[in-house]
Amino acid sequence: MAPRKVIAVVGATGAQGGGLVRAIVNDTSGEFAARAITRDVNSAKAQELARMGVEVVSANVDDEKGLEGAFSGAYGAYCVTFFWDHFSAEREIAEARNMAEAAKASGVQHVIWSTLEDTRRFVPLDDDRMPTLQGKFKVPHFDGKGEANGIFTDLGLPVTLLNTSFYWDNFIYFGAGPQPTPDGGLALVFPMGDKALPGIAAEDIGKCALGIFKAGREYIGKAVGIAGEHLTGAQLAQKMSRALNRDIRYTDVPPEVYRGFGFPGADDMGNMFQFKRDFNRDFVGARSLELSRTLNPDLLTFDAWLQKYGSRIPLEQAKTAGR
Ligand SMILES: NC(=O)c1ccc[n+]([C@@H]2O[C@H](COP(=O)([O-])OP(=O)(O)OC[C@H]3O[C@@H](n4cnc5c(N)ncnc54)[C@H](OP(=O)(O)O)[C@@H]3O)[C@@H](O)[C@H]2O)c1
C-alpha cells in the first residue's frame with residue numbers, strides 16, 4: 001500500500017482545520033494522513049486529536065521557521081488565519097505571508113488558502129457608502145485575506161484559493177443568533193435586506209477542502225467558492241422557527257445601525273453585510289452549491305444543520321454580535 005500523503009493543517013483545533021482533520025480521519029480511502037498544527041500540543045483539544053491517532057505538532061502562524069518545520073515532508077498544507085483573535089488585517093497579511101513562505105520553502109505540492117474577497121475591488125476606499133477601517137480597508141477581515149491571495153500566487157505556489165461562507169455555527173457560538181425583541185419575541189438581526197446570505201456548516205469547509213485535495217491537480221491555480229445554501233434573512237428565520245418551534249422573525253436594519261451595535265468588530269461586520277447585500281450577485285455567484293456538493297457529497301443544508309445542531313442555539317441572549 002502506498003504511504004499516506006500528509007496534509008499539514010493549520011488551525012487544527014478550530015472550526016475549519018478541525019473539520020478537515022476529522023474529514024481526513026474519516027476518509028475510508030486512506031489516501032491522506034492529517035498533521036495537526038497547534039500552538040499547544042498539550043491542550044485538551046490537541047490531545048483529543050492525538051487520541052484519534054493524528055500526528056500533532058507545534059507551530060505558530062507568527063513564526064515562519066516553525067511553520068516550515070511543521071510543513072516539512074507534507075504533500076499538502078491547509079492555511080487559515082485567525083482574524084478575530086487580534087482584529088488586525090495587517091497582521092493577518094503577515095501571517096499569510098509566513099505560511100506562504102513556509103509552504104514554498106518546504107516544497108508542498110498543494111496549498112489551500114482559506115480566503116475571502118478583497119472588497120476594495122468592489123468598494124474603493126473613496127466610496128463613502130461605508131467607512132474606511134484600519135486606515136486602508138473596507139471589510140478588514142475580508143480585505144486582508146483577499147490581499148494575501150497575491151502572496152500565494154506571486155510565489156508560484158500550487159495553490160487553491162478557497163472562498164468560504166458565513167458559518168451557520170455563528171448562530172450558536174458568536175452571538176449572531178436570535179435576539180429578544182421589545183415585544184417579547186425573537187429576531188435574527190442583520191442588514192441584508194431581502195438578499196441571500198451564503199451560509200455553510202463550519203464542519204463542511206474542511207470536508208470540501210478534502211474534496212479539493214482528493215481531486216489532485218484539478219483545482220490548483222483556481223479559486224473555489226463554497227456554501228451550503230444561499231438563504232435570505234426571512235428564509236433563515238422561517239426555517240429556524242420551524243426547527244426550534246419558536247416564532248423567530250428576521251429584522252433588517254440599516255448597515256449604519258448595525259455598525260453602531262457596539263460589540264467588538266461591529267463596524268467590520270456591518271461593512272461586511274453591506275458588501276454582501278450590495279454586491280449580492282457577485283458574492284453569491286462566486287459560491288456554487290453544485291460544486292460544493294461535488295467536493296463534499298455530505299454537504300448540509302440549513303434544515304439538516306438545524307436538525308443536527310439547532311438545539312444548541314441560545315434563544316435568550318442579550319446582545320447582537322458575530323464574527
Ligand atoms: N465565523 C465565520 O462565519 C467565518 C466565515 C468565513 C471565514 N471565517 C474566518 O475563519 C478564520 C478562523 O478560522 P476558524 O473559525 O477555523 O478558527 P477557530 O475555530 O477560532 O480556531 C482557531 C484555531 O487556530 C489556532 N490558532 C489561533 N491562533 C494561532 C496562531 N497564532 N498560530 C497557530 N494557530 C493558531 C487555535 O488553536 P491552538 O490554540 O490549538 O493553537 C484555534 O483552535 C477567521 O480568519 C475568520 O475570518 C469565519
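This is a predicted model: local features need pLDDT of at least 70, side-chain atom pairs count only at pLDDT 80 or more; totals for chains, interfaces and linings use all residues.
Biologist: Let us start with strand β4. Which residues of β4 are buried on each side?

Modeller: Strand β4 covers residues 76–79, and both of its faces are covered. Gly76 and Tyr78 are buried on one side, and Ala77 and Cys79 are buried on the other. In a regular strand the side chains alternate between the two faces of the sheet.

Biologist: Which way does β1 run relative to β4, parallel or antiparallel?

Modeller: Strand β1, residues 5–9, runs parallel to β4, and three bridges join them. Within β4, Gly76 is the bridge partner of Ile7.

Biologist: And how many bridges link β4 to β5?

Modeller: Four bridges link β4 to strand β5 (residues 110–115), and the pairing is parallel. Gly76 has His110 as its bridge partner in β5.

Biologist: Is Asp118 buried or exposed, and why?

Modeller: Asp118 counts as buried because its relative accessibility is 14%, and the cut-off for buried is under 20%.

Biologist: What does the side chain of Asp118 make a polar contact with?

Modeller: The partner is the side chain of Arg120, at 2.8 Å. With neighbours within four places in sequence set aside, Asp118 is in contact with Phe142, Asp143, Gly146 and Glu147.

Biologist: What about phi of Asn245?

Modeller: Asn245 has a positive phi near 55°, and it too is a residue other than glycine. Asn245 is found in the loop between α9 and β13. With a relative accessible area of 70%, Asn245 is exposed.

Biologist: You mentioned β13. In what order do the strands of its open sheet stand?

Modeller: The order is β8-β9-β13, three strands with mixed pairing. The edges are taken by β8 (179–180) and β13 (248–251); each has a single partner strand, so one side of each has no neighbour in the sheet.

Biologist: In which sense do β8 and β9 pair, and what stands opposite Pro180?

Modeller: The pairing of β8 with strand β9 (residues 186–189) is antiparallel, over two bridges. Leu186 in β9 stands opposite Pro180.

Biologist: Which helix packs on the sheet?

Modeller: Helix α9, residues 233–244, packs on the sheet and touches β9 and β13. The direction of α9 makes about 165° with that of β13.

Biologist: Now helix packing. At what angle do α3 and α5 cross?

Modeller: Helix α3 (residues 64–71) and helix α5 (residues 89–106) cross at roughly 45°, and their axes come within 8 Å. That angle makes α3 oblique to α5. The crossing of α3 and α5 is right-handed.

Biologist: Which residues of α3 and α5 make the contact?

Modeller: On α3, the contact is made by Glu64, Leu67, Glu68 and Phe71. On α5, the residues include Asn98, Met99, Glu101 and Ala102.

Biologist: How far apart are the axes of α1 and α8?

Modeller: The axes of helix α1 (residues 15–26) and helix α8 (residues 202–214) are 7 Å apart, and the packing angle is about 55°. That angle makes α1 oblique to α8, and the crossing of α1 and α8 is right-handed. Among the residues in this contact are Gly19, Leu20 and Ala23 of α1 and Ile205, Gly206 and Ala209 of α8.

Biologist: Last topic: where is Asp278 found?

Modeller: Asp278 is in helix α11, residues 266–278. Asp278 counts as partly exposed because its relative accessibility is 30%. The side chains of Asp278 and Arg277 are joined by a polar contact of 2.9 Å.

Biologist: How far apart are Asp278 and Asp204, in sequence and in space?

Modeller: Asp278 and Asp204 are 74 residues apart in sequence and 26 Å apart in space, C-alpha to C-alpha.

Key. Residues are numbered from 1 along each chain as its sequence is written. Side-chain values use heavy atoms; hydrogens and water are left out. Buried means under 20% relative accessible area, exposed over 50%, partly exposed in between (1.4 Å probe, protein chains only). Two strands pair if DSSP finds at least two bridges between them. A polar contact is a pair of N or O atoms within 3.5 Å; within protein, one must be able to donate a hydrogen and the other to accept it, and residues adjacent in sequence count only if both atoms are side-chain atoms. Axes are lines fitted to C-alpha atoms, for helices over the stretch in contact, and angles run from 0 to 180 degrees between N-to-C directions. Angles under 35 degrees count as roughly parallel, over 145 as roughly antiparallel, 65 to 115 as roughly perpendicular and the rest as oblique. A crossing is left-handed if the near helix is turned anticlockwise from the far one by less than a right angle, and right-handed if clockwise. Contact means heavy atoms within 4.5 Å.
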